[in-house]
Amino acid sequence: MFLDPNCIFCKIVAGEAEASVVYQDKYVTVFMDIRPVVQGHTLVVPNIHSPDLSSLDQAHAQHMFTTALNIAQAIRASELKCEGINLFMADGGAAGQTVFHNHLHIIPRYIGDGFGLRFPVGYGEQPARAELDRTAANIAALMTTHQLNDRD
Ligand code: 5GP
Ligand code: ZN
């Protein structure tokens, strides 16, 4: 397991920094966000120092998302105020990432919680189908082989 001694999430994974841990196994550590958007805001963190999605291996990525589903169900079943849930991941500074060790946010939501995403001016206009098709083809062409091979 590669951990970076200068990374706060690596220190939490290693048990060297204080955190309110929900769950830990071979692949992931789950703990409460220190500055929660709402009560119950939880982070799922791979037990390996990889700064962003492009450097995250499949096994850790899969485990991070399946664990997030499990945690989301537990939050729903809990007494926390939770009428909905956002899974949120910031990949890169432009996307809002501030801690450069991959992590998936689980954020309980309820009407009136004050949280939300801001949409750009002009949002809501539907592009032409040809433009959507072109964008789809561009992305599909760049998918990596192992992902395509995993398909049924
Ligand atoms: P990002 O902006 O990178 O998606 O989210 C980083 C998150 O990590 C923030 O929500 C922030 O509150 C949380 N965070 C930063 N430092 C610590 C820490 O030392 N302990 C815990 N538990 N959470 C942290
Ligand atoms: Zn790290």
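Q: How do you know what share of the contacts in the chain with a separation of 6 or more comes from residues 24 or more positions apart?
A: In this predicted model, contact means heavy atoms within 4.5 Å. Among the contacts with a separation of 6 or more, residues 24 or more positions apart account for 52%.

Q: What makes up the secondary structure of the chain?
A: There are 4 helices and 5 strands. The C-alpha atoms fill a box of roughly 50 × 40 × 30 Å along the principal axes.

Q: Which atoms are the protein donors of the zinc ion (ligand 2)?
A: They are Cys7 (SG), Cys10 (SG), His49 (ND1) and His101 (ND1). A donor must be an N, O or S atom within 2.8 Å of the metal. These lie 2.0 to 2.3 Å from the zinc ion, so they qualify. Along the chain, the donors follow the spacing C-x2-C-x38-H-x51-H. The pair His49 and His101 links distant parts of the chain, 52 residues apart. His49 sits in the loop between strand 3 (42-46) and helix 2 (58-77), while His101 is in the loop between strand 4 (84-88) and strand 5 (104-109).

Q: Why is the arrangement around the zinc ion (ligand 2) called tetrahedral?
A: Four donors count as tetrahedral if all angles lie between 85 and 135 degrees. Here the 4 donor atoms subtend angles of 105 to 117°, so the arrangement is tetrahedral.

Q: Does His49 count as buried or exposed, and how do you know?
A: The cut-off for buried is under 20% relative accessible area. His49 has 16% relative accessibility, so it counts as buried.

Q: What about His101, buried or exposed?
A: The relative accessible area of His101 is 0%, so His101 is buried too. In the chain of 152 residues, buried residues make up 30%.

Q: Which residues come nearest to ligand 1?
A: Of the 16 residues around ligand 1, the nearest are Met32, Asp33, Gly96, Thr98 and His105.

Q: Is Thr29 buried or exposed, and how do you know?
A: Thr29, found in strand 2 (residues 28-32), has 0% relative accessibility, so Thr29 counts as buried. Leaving out residues up to four places away in sequence, Thr29 touches several residues, including Val13, Tyr23, Leu43 and Asn47.

Q: What joins the side chains of Thr29 and Asn47?
A: A polar contact of 2.6 Å joins them. The limit for such a pair of N or O atoms is 3.5 Å.

Q: Why is Thr67 called buried?
A: Thr67, placed in helix 2, has a relative accessible area of 8%, which is under 20%, so Thr67 is buried. The side chain of Thr67 reaches the backbone oxygen of His63 at 2.7 Å. Not counting residues up to four places away in sequence, Thr67 touches Tyr23, Val28, Val30 and Val44.

Conventions. Residues are numbered from 1 along each chain as its sequence is written. Chains are lettered from A and ligands numbered from 1 in the order in which they are written. This is a predicted model: local features need pLDDT of at least 70, side-chain atom pairs count only at pLDDT 80 or more; totals for chains, interfaces and linings use all residues. Side-chain values use heavy atoms; hydrogens and water are left out. Donors are N, O and S atoms within 2.8 Å of the metal (3.2 Å for Na, K and Ca); water is not among the atoms, so sites may look incomplete. Four donors count as tetrahedral if all angles lie between 85 and 135 degrees; four count as square planar and six as octahedral if opposite donors are over 155 degrees apart and all others between 65 and 115; anything else is irregular. Helices (H or I, at least four residues) and strands (E, at least two) are DSSP runs, numbered from the N terminus. Buried means under 20% relative accessible area, exposed over 50%, partly exposed in between (1.4 Å probe, protein chains only). A residue is near a molecule or strand if one of its heavy atoms lies within 4 Å of it. A polar contact is a pair of N or O atoms within 3.5 Å; within protein, one must be able to donate a hydrogen and the other to accept it, and residues adjacent in sequence count only if both atoms are side-chain atoms.
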